[in-house]
Amino acid sequence: MRVVVADDVMLTREGIARLLDEAGIDVVAQVEDADGLLREVRLKTPDAAIVDIRMPPTHTDEGLVAAQRIRTDHPATGVLVLSQYVEPSYAMRLLEEHPERVGYLLKQRVFDVAVLVDALRRIGDGETVVDPTIVSRLVGRRRRQDPLGELTAREREVLGLVAEGLSNGAIASRLFVTERTVEAHVKQVLLKLGLTVDPDSHRRVLAVLAYLRSDSP
Amino acid sequence: MADSRFAAGIGLAMLAVVVSALAWAIAALLTVEHGGGLETSYAAALPAGRAADFAAGIGLLAAGGLAATQPRTRRLGVLALLAGLAWFGADWEGAEDAPALLRSLGALVAPLTLVFVFHLALAVPDGRVRSSAGRVAVIGAYLLVAVLTVGRAVFRDPLLDLYCWRNCTDNSFLVHADAGTASALSDGLLWSALAIALGLVAFAWRRLLGATGPGRRPLLPILGPALLVGASEATYAITLLRTPLEDPDRAGFAAIFLARSLSYALLALGLAWSLVRVARTRARLARLATDLGEAPRPGMLRDTLAAALGDPGIGVLYPRGAQDELIDADGRTAESPPPGRAVARIARGDRPVALVLHDPALVSEPELARALGSAARLSVENEALRAEAMAQLHALQTSRARIVETADAARRQLERDLHDGAQQRLLALSYDLRLVRASTADDGDTELVSMLDAAAGETEAALEELRELAHGIYPAILTEAGLGPALQTLADEAPLPVELGDLPPERAAPGVERTAYVVVDEAIDDAAGRGAAWLHVRVRRDAGRFVVTIEDDGAPRSARLVHLLDRVGALGGSLDVRDTSLRAEIPCE
């Protein structure tokens, strides 16, 4: 797998590159800003780009903007956005236009090289990756009338994994059940929450996130 | 006593002058009527002639007499009176039944009518000719016409005059009959009349064009008709130079006479109108003094003045501090007085208390200063004190807002420093620990691996705490994504259900967003402390304000949330704290 790493802080950039190197992933370029990132992606057409959300010149959302550009201009290249903020808004913004081959992970998550490699692999397979911390925060949000209370424990678990971007197959192997069972759970959850999204589409991640974020679902 | 007797004397003298002038005029008109068969004046010759003649002459006398009774217009009034008297000279000259001396006198003074009007036009508005060129022109006109008309009287024998019309018989002042000299002097009189008339037109035109807006208003009633007088008199002189034999039966001469009469009558009307204006302004000033004596509501001095003087552009400024920086009634720094505005100073001792910027054409500065004097001084000083207090308030508000902004900027910087510094170093440390652990695991040193795992765990815990600390110091999402996403995050993390109603889609100034955020943040803590089961937040943008409304179902509040009051107040906003609700209004424009 060929990857470009973009982060304006050299220590982080090097750290990620060395972890990837250890895991046998080919880091074809390291860049420090969005312009360099877009140039390297155009030149080297990597399988994925790992992008820090906060980069020069304004240190706000340059990484997000660049991620969307890459997804539009190079559909074959996936993007994994890294952030130090637990901000569902950013994750949802990333998923809004291109709900596949994108991921939003907290930076400390990638300490675990297995997590990082797994995320890159899922993105390569066309899936979506949303950081579990963000999902658990959304699922755990206090509500006046909590429709999640109607879900069984297993259904809540499935809902969380759907929100993290896992496919039915991935959920099945994570929970040690058959894919058919997962399909049934997903249908049941969407029905109970009144969500009309197609249970098999990539759009279901965003729909579930948006649902979890709304006040009185 | 002496003064009033003197004033009464002047009054009596004026009365006598006006009565004799009227007698002179009415007698002239009556004499004209008894003119017999031959028509030797326009008043007798034309059907409308007498009315026009009367309107012009009596009009000038009446308006002049009235104007002469007012100190501000006395000089103009006297000039109009003199013009009216001279106007009837032509009627006397043509009055066949009148004594020869009167007819000769009439011929002598008639040419002065135009000169008096010339003088009057140059002396608008206060009766004094301001420019030295103007003074030279006026004196020159008087001398020229006087010399020519006296010369003509000395040399002209009417019996020898080929073109005589009004008076072909009498000249009481004849010293030496010389038809050639008399004719040359007559022509000279016509040429000088032409020159004066054209001068009058040019002057009136330039003065009217040069004045702007309100400045033109008081000039127009007098200079407009004066321009017409000049034009008609110039036409008359040119016609006589080309056709010396004057004949009222010819339409040209008749029309010119009617035009001249009409323009003089208009001039009289204009003068009368100016008098009405002056009287009205004086009445307004008198009322103003009363109004101000009763102390108008604070901040209303300017409006009271504008209404009283009919000058909407009036301004009142107050000098402040050692540099006499000018501020307006609301305490805001004002520019120096704009050009074209007169400045009336209202002073206490040597020190100016207020400057009134007004339209110089409406009222003179000393008049205004006098009117705003004694009676109004108290309210003017009150107003000045209020303006000073307002200025201090503005300074205080600015400084409060600055303190809050500085504190926010410092927090923001701290958050950035943490993010870019300590957090990044800890991240790098974690990566290194992971790498070392990986290679140690390969070597099979389990004890070291577990130590490295513990170290990595500690590092992650430190990172997590640091991340929360940084977010607490300053939520980066607020600056980067705006109030909506930042409030969403607050709601995600809140210990009780937080419902977000409408949120404004557009961004606002950082200080405004930050203040709204802090209000919601504190309200959530407060509601949780009072055992609320839910909290509802709405943020609207309404008429230049951010309105944050928060309701909950907790126990009634006992605290007043003073620090929130400070925070919202620093931006000039207001905070309404009730038992279980909160409403903050923050100006955002």
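This tour walks through a predicted model of two chains, stop by stop.

**Before you start**

Residues are numbered from 1 along each chain as its sequence is written, and chains are lettered from A and ligands numbered from 1 in the order in which they are written. Because the model is predicted, local features need pLDDT of at least 70 and side-chain atom pairs count only at pLDDT 80 or more, while totals for chains, interfaces and linings use all residues.

Colour by pLDDT, the predictor's confidence in each residue, from 0 to 100. Chain B averages 85, and 93% of its residues score at least 70. Where pLDDT is low, the predicted coordinates should not be read in detail. The model scores ipTM 0.86 and pTM 0.61.

**Stop 1: chain A overall**

Select chain A. It has 10 helices and six strands. Both kinds of element are DSSP runs, numbered from the N terminus: helices are H or I with at least four residues, strands are E with at least two. Buried residues make up 45% of the 217 residues in chain A. A residue is buried if 20 or more other C-beta atoms lie within 10 Å of its own, exposed if 12 or fewer, and partly exposed in between, with C-beta atoms placed from the backbone.

Next, contacts. Two residues are in contact if their C-beta atoms, placed from the backbone, lie within 7 Å. Among contacts in chain A between residues at least 6 apart in sequence, 64% join residues at least 24 apart.

**Stop 2: helix H3 of chain A**

Select residues 62–73 of chain A, which form helix H3. The expected span of a helix is 1.5 Å times one less than its number of residues. For the 12 residues of H3(A) that gives 16 Å, and the end C-alpha atoms are 16 Å apart, so the two agree.

Now show the side chains. Glu62(A), Gly63(A), Leu64(A), Ala66(A), Ala67(A), Ile70(A) and Arg71(A) are buried. What covers these buried residues? The cover includes helix H2 (34–44), strand S3 (48–52), strand S4 (78–83), helix H4 (88–97) and strand S5 (102–106) of chain A.

Step back to the loop between S3 and H3 of chain A, where Pro57(A) sits. The peptide bond from Pro56(A) to Pro57(A) is cis, with omega near 5 degrees.

**Stop 3: chain B overall**

Switch to chain B. Its secondary structure comes to 20 helices and nine strands. Of its 589 residues, 39% count as buried. For contacts in chain B with a separation of 6 or more, 66% involve residues 24 or more positions apart.

**Stop 4: where the chains meet**

Show both chains. The contact takes 30 residues from chain B and 28 residues from chain A. On the chain B side, the elements that give two or more residues are helices H14 (374–420), H15 (422–443), H16 (446–473), H17 (476–481) and H18 (483–493), plus strand S5 (498–500). H15(B) gives the most, with 10 residues.

Colour that side by class. It has 16 nonpolar, six polar and eight charged residues. Here Ala, Val, Leu, Ile, Met, Phe, Trp, Tyr, Cys and Pro count as nonpolar, Asp, Glu, Lys and Arg as charged, and the others, Gly among them, as polar.

**Stop 5: the nonpolar cores**

A nonpolar core is a set of buried Ala, Val, Leu, Ile, Met, Phe, Trp, Tyr and Cys residues joined through C-beta atoms within 7 Å. Select Leu80(A) and Val520(B): of the 106 residues in the largest core, these two touch the most other members. Helix H19 (residues 510–529) of chain B gives the most to this core, with eight residues.

Zoom in on Val520(B). Not counting residues up to four places away in sequence, Val520(B) touches Leu487(B), Leu490(B), Val537(B), Val548(B) and Ile550(B). A second, separate core has 81 residues, including Ala21(B), Val138(B), Leu240(B) and Leu266(B).

**Stop 6**

Strands pair if DSSP finds at least two bridges between them. S7(B) and strand S9 (residues 581–587) of chain B pair in the antiparallel sense over seven bridges. Pick Val547(B): its bridge partner in S9(B) is Glu585(B).

Four bridges join strand S8 (residues 574–577) of chain B to S9(B), again antiparallel. Leu575(B) has Ala584(B) as its bridge partner in S9(B). A hairpin of three residues joins S8(B) to S9(B).

**Stop 7: two positive phi values**

Select Ala543(B), in the loop between strand S6 (535–542) and strand S7 (545–552) of chain B. Its phi is near 50 degrees, a positive value in a residue other than glycine. Is Ala543(B) buried or exposed? Ala543(B) counts as exposed because it has 9 C-beta neighbours inside 10 Å.

Finish at Leu561(B), in the loop between S7 and helix H20 (562–570) of chain B. Leu561(B) is not a glycine, yet it has a positive phi of about 55 degrees. With 18 C-beta neighbours inside 10 Å, Leu561(B) counts as partly exposed.
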